[in-house]
Amino acid sequence: MNKFTINGSTMHYVDQGEGPVLLMGHSYLWDHAMWAPQIEVLSQKYRCIVPDLWAHGASDAAPVQTVTLQDYAQDLLALMDHLEVDTFSVIGLSVGGMWGTDLAALAPQRVTSLVLMDTFVGFEPEVTHAKYFGMLDAITTAQAVPAPIVDAVVPLFFANNAENDSPELVAHFRERLSSLTGQRAVDVATIGRKVFGRRDAFDDLEAFTLPTLIMVGAEDKPRTPLESQLMHDTVKGSSYFVIPNAGHISNLEQPEIVTEKIEHFLTSVYAD
């Protein structure tokens, strides 16, 4: 993996392939490897730059200057400057779509197109905001993810039949959460507060004119198809697709369908 240091913290990222640049953002509680099936295919035609979110994967905890997801978007603009990449498309799932929207609003002349997957860029609804912040506080206090929280969180990420359809995927994620301890658990919870305490970016969405694809798992529990439909209705000219038999991590539950949809979208974006 490659390294980039900003404000005293080091971000790790994958840089694979050649061609138009794709900046890819993974889900909260995952890392760059989440995108492996898509990178394998897309890197044949595109240059895939896939950072580990602060406090995730190999990346350090967030710099003290990175208070919001907008600040994180600035960190990634700095990465693009470091790599001398002028224009790029953003493909973001969950928090990746949240900061991806912030980035497109911060630097509209640099973001060529946007793929928003299993995400929502409005305020976190009050009920889930309270629930998630309660979980994050418990993780911070315990410096670990208590077993009841592991049991509550794991099913949120997958389709209803995932235990049968994708047992290894579910087991791997459960193991990842259970093994999160010490300062790393505290740092991950700190990032969670930035995610679930995010701003409402719908005014920015309404102003977007760039090509935008919005996709969501039909069985996504934390980021429902209704939320994606609201974003689709807001972004003029956006495309919208509901991924069958998929939950929140739709790109891993239905990798072929997702990769094909992204490929088709990018082909139309870079047709010239």
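Helices are DSSP runs (H or I, at least four residues), numbered from the N terminus. The model is predicted: local features need pLDDT of at least 70 and side-chain atom pairs pLDDT 80 or more, while totals for chains, interfaces and linings use all residues. Residues are numbered from 1 along each chain as its sequence is written, and side-chain values use heavy atoms, without hydrogens and water.

On a 1 Å grid over the protein atoms alone, a cavity is a set of points where a 1.4 Å probe fits but cannot get out; a pocket is an open set with protein on both sides within 12 Å along at least five of seven lines; lining residues have an atom within 4 Å of a point. A volume is the space filled by probe spheres set on the points, which are joined across faces, edges and corners.

There are 2 cavities of 30 Å³ or more.

| Space | Volume |
|---|---|
| Largest cavity | about 310 Å³ |
| Second largest cavity | about 40 Å³ |
| Largest pocket | about 160 Å³ |

Among the 24 residues lining the largest cavity, Tyr28, Leu29, Val153, Phe157 and Phe196 are closest to its centre. Helix H4 (126-142), helix H5 (147-153) and H8 each supply at least two lining residues there, and H8 gives the most, with 5.

The second largest cavity has Leu53, Trp54, Ala62, Thr66, Leu69, Tyr72, Ile191 and Lys194 in its lining. H2 and H8 are the elements that give two or more of these residues.

For the largest pocket, helix H7 (167-178) and helix H8 (182-196) each supply at least two lining residues. Its lining includes Trp30, Asp31, His56 and Arg176.
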